Amino acid sequence: MAWFFERKEEIGREEMKSLVIKSANECLNRICKKPKKVLLLPPDITRAHSGAGWITEIFYNFFAQMAEVYVIPTLGQHVPHTEEQNRWMFGNIPEDKILKHNWRTDGKRLGIVPADYVKKITGGLADWDIPISINRLVMEEPWDIIINIGHVVPHEVLGFANHNKNYFIGLGGKDTICASHMAAACYGIEKNLGSLVTPLRHCYNKAENEFLGNLPDVYVQLVMAYNDEGKLVHTGFYCGNDLDTYIQAAKQSMAQNITIVPPLRKVVAVMQGDEFFSTWVANKAIYRTRKAMADGGELIIIAPGLKRFGEQDEVDAIIRKYGYSGTEKIMKYWKKNDDLQDLTHATAHLIHGSSEGRFEITYAPGHLSKEEIEGVNFHYLDYQKAIDIYSPDKLQNGFNTLPNGEEIYFISTPSAGLWTTKEKLNI
């Protein structure tokens with residue numbers, strides 16, 4: 001069971017601060033009474049709306065009075081934060097205390113989840129070893145307390161985000177990230193979304209039990225939902241060091257963050273300009289709505305910050321080269337092309353980002369050109385035109401009728417939930 005949890009219609013900022021301090025004191029009582037070295041593992045900037053940044057700042061200021069404290073944002077293969085972004089997300093935490101994870105160079109190999117287990121748990125859809133390597137600082141430094149902070153929300157790879165995803169993807173090495181993403185893609189994105197324990201989650205649970213059992217760690221899991229005013233607020237806070245801490249949070253997220261809708265003909269979604277700069281992360285708008293989209297429908301993604309496709313140059317090049325062209329084509333390319341075999345997480349991303357021809361995907365980007373957007377098999381809409389027609393500040397979440405009589409479904413923060421028809425709900 002979790003050490004403790006709080007679940008309410010809305011947990012205000014001051015109460016959240018009290019829960020964070022309570023978590024810190026529980027760490028002193030349960031893990032180490034006099035820590036000398038503390039590690040905080042928050043999500044990256046694409047999950048800043050969860051409040052994980054200011055929560056990390058509270059933890060830092062609490063433990064900095066008694067110990068040396070470091071922060072490693074669990075970037076996965078995302079672009080490292082700039083100093084300005086760190087200040088925006090983490091407040092007064094000194095820049096030299098915020099370390100950068102390099103997914104290519106920082107992984108320490110701990111072992112593998114063997115192919116026979118992967119094959120069994122995926123029903124034969126993936127049949128390779130999943131190597132387990134995570135940032136060596138986690139394993140090699142003498143940490144007295146490690147605190148994972150994260151937002152539990154429906155997720156395309158693991159069913160729900162967070163918990164040990166922080167280690168195996170957020171701080172994972174290239175071999176782990178690539179093998180994991182491809183296994184999840186082969187199993188099927190729509191089977192993963194909204195499932196409490198997916199095959200890949202089973203693999204990570206096995207790896208955590210076998211390789212991370214001695215870490216002095218705890219999970220702080222956040223759940224959020226929209227209140228009556230349409231504002232995203234905290235509704236759940238779970239603190240504990242076991243799988244049940246995640247399960248309890250994920251069950252609450254399942255109840256609050258999955259919206260059952262009829263098949264939607266036209267969806268307009270906004271990916272915030274201060275969080276989402278590439279389709280690698282902005283495509284969450286596709287992942288979280290695809291189970292709700294009607295055949296022949298259209299998803300319009302307004303993305304003012306969009307300036308590239310991949311988070312790294314080589315992944316950006318792969319996306320530009322192959323485009324979001326559907327599972328069948330991408331799997332054929334994967335079998336023949338070294339670049340897709342080397343960066344299989346990019347191969348998986350190309351699969352996840354395609355509608356498989358079932359509905360149209362239209363991007364209204366702040367910076368990418370019409371030629372670039374259409375070059376990766378998306379439709380293009382001029383950003384200013386999109387704002388003029390679908391003014392986000394005039395729309396409410398859910399169904400809206402525009403002045404021209406058109407009905408649309410609006411989603412202000414796709415990354416905070418999952419939309420699905422009843423028929424496609426995974427329970």
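Where does N86 lie? Select it and you land in helix α3, residues 83-90. Helices here are DSSP runs of H or I with at least four residues, strands are runs of E with at least two, and both are numbered from the N terminus.

Before going further, some ground rules. This is a predicted model, where local features need pLDDT of at least 70 and side-chain atom pairs count only at pLDDT 80 or more, while totals for chains, interfaces and linings use all residues. Residues are numbered from 1 along each chain as its sequence is written, and side-chain values use heavy atoms, with hydrogens and water left out.

**Stop 1**

Now show its contacts, meaning heavy atoms within 4.5 Å. Beyond its neighbours within four places in sequence, N86 touches H81, G91, E95 and I98.

Next, select P43, in the loop between β2 and α2 (52-63). P43 also counts as buried, at 4% relative accessibility. Skip the neighbours within four places in sequence again, and the contacts of P43 are A52, P73, T74, M89, F90, I149 and G150.

**Stop 2**

Two strands count as paired if DSSP finds at least two bridges between them.

Zoom in on β1 and β10 (residues 232-240), which pair in the antiparallel sense over four bridges. Pick E6, and its bridge partner in β10 is F237.

Move along to β2, residues 37-41. Is this strand enclosed or open to the outside? Five of its five residues are buried, so β2 is largely enclosed by the rest of the structure. In a regular strand, side chains alternate between the two faces of the sheet. For β2, that puts K37, L39 and L41 on one side and V38 and L40 on the other, all of them buried. β2 runs parallel to β3, joined by four bridges, and K37 has E68 as its bridge partner in β3.

**Stop 1: the largest pocket**

Select W54, M224, K231, L232 and H234, the residues nearest the centre of the largest pocket, which has 13 lining residues. The pocket holds about 280 Å³ of space. β10 gives the largest share of the lining, three residues.

How are these spaces found? On a 1 Å grid over the protein atoms alone, a cavity is a set of points where a 1.4 Å probe fits but cannot get out, whereas a pocket is an open set with protein on both sides within 12 Å along at least five of seven lines; lining residues have an atom within 4 Å of a point. Grid points are joined across faces, edges and corners, and a volume is the space filled by probe spheres set on the points.

**Stop 2: the cavities**

There are four cavities of 30 Å³ or more. For the largest, at about 360 Å³, select R47, H78, H155, K165 and K284, which lie nearest its centre among 26 lining residues. The elements giving two or more residues to that lining are α6 (165-170), α11 (279-282), α12 (284-287) and α16 (344-352).

The second largest cavity holds about 50 Å³. Its lining includes V118, T122, Y187 and C203, and α7 (174-187) and α9 (199-211) each give two or more residues.

**Last stop: the other sheet**

Finish with β15-β14-β13-β12-β17-β16, another open sheet of six strands with mixed pairing. Its edge strands are β15 (379-380) and β16 (398-401). Inside, β13 (residues 293-303) and β14 (residues 360-365) pair in the parallel sense over six bridges; select I301 and you'll find Y363 of β14 opposite.

Methods. Buried means under 20% relative accessible area, exposed over 50%, partly exposed in between (1.4 Å probe, protein chains only).
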